[in-house]
Amino acid sequence: MGQATDAKLSYQTLRGLVLRRSNWRDSDRIVTLLTMERGKVDVVLRGARKPKSPLLPAGEVFTLGEFVLYKGRGHEMATAFTLLDAYYPLRQDYHRLSFASLTLKAADGVAQKEAPEEHLFILLARTLARLAYGKKSPEEVTAAFLWHLCGIEGFRPDTAFCTLCKKSLENEEGAYLSASQDGIACEDCVEKPRKREWLSKNHLLWLKEVETAGIDRMESPLSVPLSPIVTYVEEHLGFRIMQ
Ligand SMILES: [Zn+2]
């Protein structure tokens, strides 16, 4: 990553993924990028709504590119942009797009401004590629994404034990991923058994395997129910990510 600084000018080249955008003035956009080095960064794209602007593609969500940023006294601006991936197939498949939107929202919710987000950036870029180009179901890819996100953010429970009584879940049929009890609750410990928070033994094993082997190496196309994981993440974020 090139970086040049002198007393008056400050340029920086950053790889960024567009999480959000809004219009600004007559023909500009403001985008929120996720970057490895600086977490979330708000950038003005001057003239990016003009049809012939070289910054036009930089103003779209789900765009990965290299941004040359200039920081003067006011807003940080992009002066040049190179497209790396537009994840184009997502834009033609509403089903996949809705899952991609969910992952973007969750990443936006946990990422900090001006704090490195290397793991989250890599996770999100790979997830969007899997959703756009991969053969795995979007539900499975999204479940794996959210489980990794819980790990990065430090609120992922161990699937082998009940969080509350520490009992091994090896001989149980399953357990509840309980947001209100902040972890995995066995049948004895769960306060309000909700069916939508239930994960069977196989689901728990699947999540463990995602953690250790990664989704690309998983062979069983098990359909893990998304709702317990989505609810769990939403509870930690304090807002909804599912449409
Ligand atoms: Zn327990």
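**Before you start.** This is a predicted model, in which local features need pLDDT of at least 70 and side-chain atom pairs count only at pLDDT 80 or more, while totals for chains, interfaces and linings use all residues. Residues are numbered from 1 along each chain as its sequence is written.

**Select the whole chain.** Its C-alpha atoms fill a box of roughly 65 × 40 × 30 Å along the principal axes. Of its 243 residues, 35% count as buried (20 or more other C-beta atoms within 10 Å of a residue's own, with C-beta atoms placed from the backbone).

**Colour by secondary structure.** You will find 5 helices and 9 strands. Helices are DSSP runs of H or I with at least four residues, strands are runs of E with at least two, and both are numbered from the N terminus. Follow the chain from that end: the order is β-β-β-β-β-β-α-α-α-β-β-β-α-α.

**Select residues 138-153 and 201-213.** These are helices α3 and α4. Their axes (lines fitted to C-alpha atoms over the stretch in contact, with angles from 0 to 180 degrees between N-to-C directions) come within 10 Å and cross at roughly 65 degrees. The two helices are therefore roughly perpendicular, a term for angles of 65 to 115 degrees.

**Show the side chains where they meet.** Which residues of α3 and α4 make the contact? On α3, pick Ala-144, Trp-147 and Gly-151; on α4, pick Leu-207, Val-210 and Glu-211. Contact here requires C-beta atoms, placed from the backbone, within 7 Å.

Note on methods: Angles under 35 degrees count as roughly parallel, over 145 as roughly antiparallel, 65 to 115 as roughly perpendicular and the rest as oblique. Two residues are in contact if their C-beta atoms, placed from the backbone, lie within 7 Å. A residue is buried if 20 or more other C-beta atoms lie within 10 Å of its own, exposed if 12 or fewer, and partly exposed in between; C-beta atoms are placed from the backbone.
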